Amino acid sequence: MTEVIAQNRCTGCRACVYVCPQSCIAFSANGEGFLQPHINAEKCMDCRLCVRTCPVEHPLVGSPVIAAFSARNKDAATVRESSSGGVFTVLAETIIGQGGVVYGAAYREDFRKVQHRRIDTVADIAALRGSKYVQSDLGTTFRAVKDDLAAGRQVYYSGAPCQIAGLLAFLGKHPDNLITQDLICHGVPSPAVWETYISSVAKGRTVTAVNMRNKAKGWQRYTLAIDFSNGETYAADKDHDAYLRAFSENLSLRRSCGACQYKSADRISDITLADHWGFAPDDRGLSLVGIHSEKGLSLWKQVADCLEVQETSWETALTRNRSAVVSAQLNPKRDAFFSALAEAGDDAQKISHAEKYLTAPPSTLSGFCKKAARRVKRLLHT
């Protein structure tokens, strides 16, 4: 064999790597910076276990929601530090408090990459908290999960739907001591785009913190904030930061995000977390929680007292969160955007070349008019 799956369909989940009995599959970045599998044809014995395991070739069947909630952590500080309502924090605290382990996405020490990591202390939860709009490198976490499960540890694995699919495909089952949590995902941006962008913003300064959903201007008008060791901070809201705009305009997404097979109200995870857009009484942040299994419901009952909770309609909530059921429409300028990033020059020059494919940021007046129009449209339909 020379290919596990066509590059435009691969999600980068790594399941094929870990099931290969010959260890002949390796991952490396393609020209857009996304990790892809490559087969060493000389070592391959054509058993096709990789293809039989691939969750894209053999999709897992999702389960409908059995309960849905609007929720917010009772601790105001946790809500401020979280992208939405701070629900992930209390779930992770509960698992770790029971002697379990939690896996999720964290920035590398230099903040140039996002990687999945394993934690077993409450102090480390902060590293996994918050949205990170970069496709994370799963590394060897699937093997670590298998070892933890075999040792009898309770495992909580948080990731994008395609990453959860990869884990379950690799394991071949959904063990009783594994709780999976996905999220409503717009799409995954290229790690290379993020690395180029943050280097262009840093300009040689040492990065000490990154928050892609800083709430300084509120939950809905979130800000990308980057702190530096010299005390300086870069901050721009979602309508004016080039990286967040490339993400929302579908320029920097993986090709497979344009035809995502995980867009469904039904989910293969035990729990789904998301923003509860359109239903919050204020601008502090509110989480939407979908429960898809009895395991997920059992954990939820254990944490409910730590949260402000209200039962809600999953179907109604998804009308304001269409990324749950509709794939991102890849921008027609996407290829030109990535070509611009590949041009010669330093990181700042590359970003400058790529920025010309972004739409102009909205003015304060146009933004106000659009918001007013949306409100009038909602009133007309109520």
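**View 1. A salt-bridge network of E32, R255, R334 and D335.** In this predicted model, E32, R255, R334 and D335 are linked through a network of salt bridges. The count of salt bridges comes to 20. Three further pairs are shown in the next views.

**View 2. The D148–R118 salt bridge.** The side chains of D148 and R118 meet in a salt bridge, at 2.9 Å from N to O. The pair links distant parts of the chain, 30 residues apart. D148 sits in helix α6 (residues 141–150). R118 sits in strand β5 (residues 114–119). D148 has a relative accessibility of 7%, so it counts as buried, being under 20%. R118 is partly exposed, at 34% relative accessibility.

**View 3. The D237–K217 salt bridge.** D237 forms a salt bridge with K217, and the closest N and O atoms are 3.4 Å apart. D237 lies in strand β10 (residues 233–237), and K217 lies in the loop between β8 (207–214) and β9 (223–228), so the pair ties together parts that are 20 residues apart in sequence. D237 is buried, at 2% relative accessibility. K217 is partly exposed, with a relative accessible area of 45%.

**View 4. The D282–R284 salt bridge.** D282 forms a salt bridge with R284. Their closest N and O atoms are 3.5 Å apart. D282 is partly exposed, at 29% relative accessibility. R284 is also partly exposed, with a relative accessible area of 38%.

**View 5. The open sheet of eight strands.** The strand order is β5-β4-β6-β7-β11-β12-β3-β13, and the pairing is mixed. β5 and β13 (307–311) are the edge strands, each pairing on one side only. From one strand to the next, the twist averages 25 degrees. Strands of a sheet pair through backbone hydrogen bonds, either parallel or antiparallel.

**View 6. Strand β4 and its two partners.** Strand β4 covers residues 101–107, and seven of its seven residues are buried, so β4 is largely enclosed by the rest of the structure. Three bridges join β4 to strand β6 (residues 155–158), and these two run parallel. Six bridges join β4 to β5, and these two run antiparallel. Y103 stands opposite Y157 in β6. Y103 also stands opposite R118 in β5. R118 is the salt-bridge partner of D148.

**View 7. The β4–β5 hairpin.** β4 and β5 form a hairpin with six residues between them. F111 lies in the turn and has a positive phi of about 70 degrees.

**View 8. Strands β3 and β12.** Strand β3 (residues 67–73) and strand β12 (residues 287–291) run antiparallel, joined by five bridges. A68 stands opposite G290 in β12.

**View 9. Helix α4 on the sheet.** Helix α4 (residues 87–97) packs on the sheet. It touches β3, β4, β5, β6, β7 (178–183), β11 (271–275), β12 and β13. The direction of α4 makes about 140 degrees with that of β4.

View 10. α6 lies across β4, β5, β6 and β7. It runs at about 160 degrees to β6. D148 in α6 is the residue paired with R118 in β5.

Conventions
Residues numbered from 1 in each chain as written. Predicted model: local features only at pLDDT ≥ 70, side-chain atom pairs only at ≥ 80, totals over all residues. Heavy atoms only, no water. Salt bridge = Lys/Arg side-chain N within 4 Å of Asp/Glu carboxyl O. Helix = DSSP H or I, 4+ residues; strand = E, 2+ residues; numbered from the N terminus. Buried < 20%, exposed > 50% of the residue type's maximum accessible area, 1.4 Å probe, protein only. Pairing = 2+ DSSP bridges. Axes fitted to C-alpha atoms, helices over the stretch in contact; angles between N-to-C directions. Contact = heavy atoms within 4.5 Å.
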